[in-house]
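Please read them alongside the model.

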Amino acid sequence: MSTPPESGPTLDAASPLPPQIEAADEPAQVPLAIEDWATVIIMGLLACITFANVLVRYFTDSSFAWTEEFSVFLMILLAMVAGSAAVARDRHIRIEYFSESGSMARRKRLSQFGAVLVAALFFLIAGLSVRMVWDDYRFDETSPGIGVPAWWYSIWLPVVSTAIALRAVGLFIRRGRRDDRGAE
């Protein structure tokens, strides 16, 4: 006799939710709203800067010199904050053929393995980028466009990389607890 496929919640947060589940986010120690609000604020700043630059260009045939440099910085910061949200919600890119096949235990191990790799990568990026920030500060590097200290931009790389790594550690812990509680 064959055994029926395992039922219950899947580890993939991107799959459709049953109607009885209202919220898509798992409970986490650090609220996921942090990334959501940071995204809203960054997008609002980008919209305001771009709109102001369009108005100035339309009415004066010139533009704010600082907008391009600051917009690029905000877009990079937005991508990193969104990466943190994706890791926290377990919605990062994966090959579904491997991650969604097999038993629930195998899927749990793959999810935890992915979380460990993400954490290791971003802790490494954070550690290496601290040196870059220190060099920017120590050698008084300035940005090429408007001449502000370069560390004003580069300081966010180790900060957000550490946040992403910590979100991956939290995901690893949550994935371990989820099946342990379900087995009891």
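1. The model is predicted, so local features need pLDDT of at least 70 and side-chain atom pairs count only at pLDDT 80 or more, while totals for chains, interfaces and linings use all residues. Residues are numbered from 1 along each chain as its sequence is written, and side-chain values use heavy atoms, with hydrogens and water left out.

2. The patch covers about 480 Å² of surface and is made by Val116, Phe123, Leu166, Val169, Phe172 and Ile173; α6 gives the most to it, with 4 residues. Membership requires over 30% relative accessible area and no salt bridge, with nonpolar side chains (Val, Leu, Ile, Met, Phe, Trp, Tyr) joined within 5 Å; a salt bridge is a side-chain nitrogen of Lys or Arg within 4 Å of a carboxyl oxygen of Asp or Glu.

3. Val116, found in helix α4, has 42% relative accessibility and therefore counts as partly exposed, the class between buried (under 20%) and exposed (over 50%), using a 1.4 Å probe and protein chains only.

4. The structure holds 7 aromatic pairs, that is, rings of Phe, Tyr and Trp (its six-membered ring) with centres within 6.5 Å. The ring centres of Phe73 and Tyr153 lie 5.0 Å apart with planes at 45°, so this pair is tilted, a label for planes neither under 30 degrees apart (stacked) nor over 60 (edge-to-face). Because Phe73 belongs to helix α2 (residues 66–88) and Tyr153 to helix α5 (residues 151–154), the pair ties together parts 80 residues apart in sequence.

5. Phe73 and Tyr153 are both buried, and together with Phe64, Trp66 and Phe70 they form one aromatic cluster.

Terms used: Patches are made of residues with over 30% relative accessible area and no salt bridge: like charges are joined within 9 Å, nonpolar side chains (Val, Leu, Ile, Met, Phe, Trp, Tyr) within 5 Å. Accessible areas come from the Shrake-Rupley method with a 1.4 Å probe; for residues, only the protein chains shown count as cover. Helices (H or I, at least four residues) and strands (E, at least two) are DSSP runs, numbered from the N terminus.
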